[in-house]
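Colleague: Could you take a close look at a single spot in this model for me? Pick one residue and walk me through its surroundings.

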Amino acid sequence: MSSSQVPAPGAPPVVSPARVLAGLCLLVPIVVVLWVPSYSKTSPEFGGLPFFYWYQLMWVPVSALFTGAAYLLIRRDEAARKAASAVSAVSGPVLPAQPSDGGKS
């Protein structure tokens, strides 16, 4: 890791639950559509279309919903990171307390 990628002390972790969930939201439609044996059949028909076709077409808007959810999760996570970094920047580093006897002990 380069020094620019090292998180600041007290900063949220780079891999957060929201980012993992966003990744899963992006992964689900890809895996489902690429798993052809699960929908490689003609019945049941819907509106005269064999299952193979309407199932794939159904995943177009569903994939858009998953992608939108991933976007919102990442956006919320970025806002939380920005707020956390602003709070840590305002409070500054925590220094140890000075001894009351002037350091003579």
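Modeller: Let's go with Asp77, which counts as buried because its relative accessibility is 11% (buried means under 20% relative accessible area, exposed over 50%, partly exposed in between, with a 1.4 Å probe and protein chains only). Bear in mind that this is a predicted model, where local features need pLDDT of at least 70, side-chain atom pairs count only at pLDDT 80 or more, and totals for chains, interfaces and linings use all residues. Residues are numbered from 1 along each chain as its sequence is written, and side-chain values use heavy atoms, with hydrogens and water left out.

Asp77 sits in helix α2; helices here are DSSP runs of H or I with at least four residues, strands are runs of E with at least two, and both are numbered from the N terminus. Setting aside neighbours within four places in sequence, Asp77 touches Ser16, Ala18 and Arg19, where contact means heavy atoms within 4.5 Å. With Ser16 there's also a side-chain to side-chain polar contact of 3.2 Å (a pair of N or O atoms within 3.5 Å; within protein, one must be able to donate a hydrogen and the other to accept it, and residues adjacent in sequence count only if both atoms are side-chain atoms).

For comparison, Leu27 is in helix α1 and counts as partly exposed, because its relative accessibility is 44%. As for the whole protein chain, it has two helices and zero strands, and buried residues make up 14% of its 105 residues. Of the chain's contacts with a separation of 6 or more, 55% are between residues 24 or more positions apart.
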